[in-house]
Amino acid sequence: MILRDIAHSRTGDKGDISNISVIAFDPKDYPAIARSVTAEKVKALFKGIVHGEVKRYEIPSLGALNFVMQRALGGGVTRSLALDAHGKCLSSAILELDIDEK
Amino acid sequence: MRTIRIGSGAGYSGDRIEPAVELAEKGDIHYLSFECLAERTIAIAQQAKLNDPSKGYDPLLAERMRAVLGPCHAKGIKILTNMGAANPAAAAAMIQGVARELGLTGLKIAAVAGDDVLDELKKGGYSITESGEPVASLAGKLVSANAYLGIAPLVEALRNGADIVVTGRVADPALFLAPLVHEFGWAMDDWDKLGKGTAVGHLLECAGQVTGGYFADPGPKTVEGLARLGFPIAEVGEDGSFVITKVQGSGGAVTESTCKEQLLYEIHDPAAYYTPDVVADFSKITVRQAGPDRVAVTGASGRPRPDDLKVSVGYIDGYIGEGQISYAGPNAVARGRLALSIVAERLKSTNVATSELRFDLIGVDSIHGPALAARHPEPYEVRARIAGRTDSMKEAVRIGNEVETLYTNGPASGGGAFKSARQVVAMLSALMPRGKVVPTIQYVEV
């Protein structure tokens, strides 16, 4: 199972910081997501893209996680050379993460 | 309980105009707010104002106002917008002109300024938040510095009977929070209510992003009628409880899922969302589907506002040159990679001066790099893209030229070459004590 089967996601940008939400479609899947999708895993997934710290916030009332990633947008949205300067597509990449079904 | 209905007429400067007209005509709303000022937009507007003192406001201002002023005037809907950008006074004059053109009378327009703090920032003692360097390190390159104003001048303008409030840089949620504070008489230190009103603003400020826009993924996240996407309405009670909805019959959807995605959009610590008016706490919010396209949102709160205001600093950050060319059919990826390597070698051998270069194969690895792309099969077509940062326009132009010349000097069957070169206005931020920022209000009438 991959994350996309049980969750959806949206990316936001501020300067060189990107945040990605991961939201369970069904709140009963939130514990599994919280167990599986760690800051370390996200940092490893975005190796070469995200150069700074990845911090995870938990919002159980929404069945959601929020990852805040430093130095993630090529030096900042307004100066990045990247085609997707805002990092808007990052939310689709995170949904490919494998989920531990145990 | 008394409720106020606020519509969101735009989520960014270039947003669609028709949904705002639909809101004005059929939304049964009291207020219509337009958030149109991205970080960089105000710096570019400042450059426009330097070239022509009567300019510097949003380029679509006249078109938007021409579309909505009639129905808003007829129904008594008040308008708030940051389309004043670098020149709210000129924007107010433009709106006055549009109102006259439409034959409307009895309108009071308030222009809120005072967000331009470039002179104060240059006086010294300030540092750049991102780097810790003194602002003086950007000397000669500074274009603009605008403090994020809070709701105070907007509320004052509404109290003085303004029908339209046009501002420069204000906190985005302020365009939605101000009418609530004005209507319900919430105290400026009622942090709990201000936190709730900030949640309203945060959910509405990107317009279609909470009604199914930026959400659809055919299959797991199907959205009906996206082409006719309706913009959102918040129905807010005096106690700060609220429902997000949209015009009946419009396209899109308001669901728990669309609201959750927008709640966390551009949020860092959900327990501490900083605005000039309150530090809002969204960490205990719950959403509940209360009917078709109706979602009730509860549990937002707030803590005392910060002492300092955030200042958005615009500066000239060199130039970017870019070129692209496509390859298709068998072996397209190999020809694309050959194209990239040829341009890399030519830029080096002809001494094009760049401080940063980027080589992408669009369709393969341009968005997330080679590691994530390796899990997927090769595409039928690719587009080679080279972008580089330079100190001059002349050098930036040379990058695109070396891509275009691949037509006759590169791999077989390259097509659709494109090149561009532009000056970069980049943004950083600083903090300024709120006492140094003095909002002003000017009124014009029709």
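Before we go on, a word on what you are looking at. This is a predicted model, in which local features need pLDDT of at least 70 and side-chain atom pairs count only at pLDDT 80 or more, while totals for chains, interfaces and linings use all residues. Residues are numbered from 1 along each chain as its sequence is written, and chains are lettered from A and ligands numbered from 1 in the order in which they are written.

Let's start with chain A. It has three helices and four strands, which follow one another from the N terminus as β-β-α-α-β-β-α. Here helices (H or I, at least four residues) and strands (E, at least two) are DSSP runs, numbered from the N terminus. The radius of gyration of chain A, taken over C-alpha atoms, is 13 Å, close to the 13 Å that the globule rule gives for 102 residues, so chain A is as compact as a globular protein of that length; the rule is 2.2 Å times the number of residues to the power 0.38. Along its principal axes, the C-alpha trace of chain A spans about 40 × 25 × 20 Å.

Now find the sheet. In chain A, four strands form an open, antiparallel sheet in the order S1-S2-S4-S3; two strands pair if DSSP finds at least two bridges between them. Strands S1 (7-14) and S3 (54-59) of chain A stand at the edges with a single partner strand each, so one side of each has no neighbour in the sheet. From one strand to the next, the twist averages 20°. Eight bridges link S1(A) with S2 (residues 17-24) of chain A, and A:Thr11 stands opposite A:Ile20 in S2(A).

Chain B comes into the picture here: its helix H9 (residues 256-263) packs on this sheet, touching S1, S2 and S4 (64-69) of chain A, at about 155° to the direction of S2(A). Contact means C-beta atoms, placed from the backbone, within 7 Å; angles run from 0 to 180 degrees between N-to-C directions, with axes fitted as lines to C-alpha atoms, for helices over the stretch in contact.

Chain B also has an open antiparallel sheet of three strands, ordered S9-S10-S13. Its edge strands are S9 (273-274) and S13 (301-303) of chain B. Two bridges join S9(B) to S10 (residues 279-281) of chain B, with B:Tyr274 partnering B:Val279.

Key:
Two residues are in contact if their C-beta atoms, placed from the backbone, lie within 7 Å.
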